[in-house]
Amino acid sequence: MDKCIIMMKRRVGLIMKINGDNHTHTVYSHGKNTIEDNVKKAVELGLEKVAITDHGSGHIFYGVDKRNWHKMRDEIDVLKKKYPQVEIVMGVEANIIGSDGSIDVDEEHLELFDVINAGFHYGVKPKRVRDFFSLYLLNFFGKILPFLKKRAMGANTKALVNAMERNHIHMITHPGAKVPVDMDRVAKKAQDKNVILEINAHHLHLDLDDLKKAMKYDVKFAINSDAHQSIHVGMVHKGIEIAQAAGLKAHRIVNGEED
Ligand SMILES: [Zn+2]
Ligand SMILES: [Zn+2]
């Protein structure tokens, strides 16, 4: 096992570990390393699974160029043969671009992905002008003006719930990060639609409060690195700390194991 992971485990008294990382980025969006670099790190750590989940094309600054989705699929298919010891998953971290739950994955690309994850991000081209007001401006002013905060939270929650309703979402990435959401409503919908909620070790969301709320529902969780460099693949100790503080057991974590 990686030396720094062993030291980390000793320091924080972790009793859980992960056997896969479902959220990593590469040079195709805003990561620093290649798909193969992330895969090699997963192999080095002895992980059973690694997912490549670059950003949906609607992100203005680092969405994947639409012409690269096929290239990525081909690259991953070649790597699957080269590294049979690890399951390589091609995913996408789609951006929510509308109150109606629209995401930035084109119909024609859907078949390329093994899984579709979705989350809130700034810097995304909204679907319609009114989405710019309800998703972006409202959150911006909600941070400054307390009376708008509740309205912003309602609008964010509606968009996230609608996203789970209208798309086949595998996992919601870092729920509660970037913008506030009503976790009870989000977790209830995740339960109904069998969607995984992520404990993101990079953004530290789900945070402890939201995780405790979400745990009341029959929903599964995943603890992921959201690595933007291959050296961070599998680095989830802060996520494990949140899970342990909440008393979340490994059997509820899709990539979790008692250690
Ligand atoms: Zn994200
Ligand atoms: Zn990410």
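## Zinc site

Helices (H or I, at least four residues) and strands (E, at least two) are DSSP runs, numbered from the N terminus. This is a predicted model, in which local features need pLDDT of at least 70 and side-chain atom pairs count only at pLDDT 80 or more, while totals for chains, interfaces and linings use all residues; side-chain values use heavy atoms, with hydrogens and water left out. Residues are numbered from 1 along each chain as its sequence is written, and chains are lettered from A and ligands numbered from 1 in the order in which they are written.

Donors are N, O and S atoms within 2.8 Å of the metal (3.2 Å for Na, K and Ca); water is not among the atoms, so sites may look incomplete. The zinc ion (ligand 1) lies 3.4 Å from the zinc ion (ligand 2), and Glu93 coordinates both.

His23 is buried, at 0% relative accessible area, and Asp226 is buried at 2%. Buried means under 20% relative accessible area, exposed over 50%, and partly exposed in between (1.4 Å probe, protein chains only).

## Salt bridges

The whole structure contains 15 salt bridges, each a side-chain nitrogen of Lys or Arg within 4 Å of a carboxyl oxygen of Asp or Glu. One of them joins Arg128 and Asp100 (3.9 Å, N to O). Arg128 lies in the loop between β5 (115-119) and α4 (129-144) and Asp100 in the loop between β4 (87-95) and β5, so the pair ties together parts that are 28 residues apart in sequence. Arg128 is partly exposed at 27%, whereas Asp100 is buried at 19%. Salt bridges link Asp100, Lys127, Arg128, Asp131 and Arg166 in a network.

Two further salt bridges lie within helices. Lys41 and Glu44 meet at 3.3 Å (N to O); they are three residues apart in helix α2, about one helical turn. Lys41 is buried at 13%, while Glu44 is exposed at 55%. In helix α6 (residues 183-193), Asp192 and Lys188 are four residues apart, about one turn, and their closest N and O atoms are 3.0 Å apart. Both are partly exposed, Asp192 at 45% and Lys188 at 38%.

Asn33 lies in the loop between β2 (20-24) and α2 (35-45). Its side chain makes a polar contact of 3.4 Å with the side chain of Asp37. A polar contact is a pair of N or O atoms within 3.5 Å; within protein, one must be able to donate a hydrogen and the other to accept it, and residues adjacent in sequence count only if both atoms are side-chain atoms. A polar atom of the Asn33 side chain also lies 3.0 Å from the backbone nitrogen of Ser230.

UniProt, in an unreviewed entry, places the feature "domain: Polymerase/histidinol phosphatase N-terminal" at residues 20-98. UniProt positions are given in the numbering used here, feature names are shortened, and annotations may be inferred rather than shown by experiment. That span is 33% helix and 27% strand, with its end C-alpha atoms 31 Å apart.
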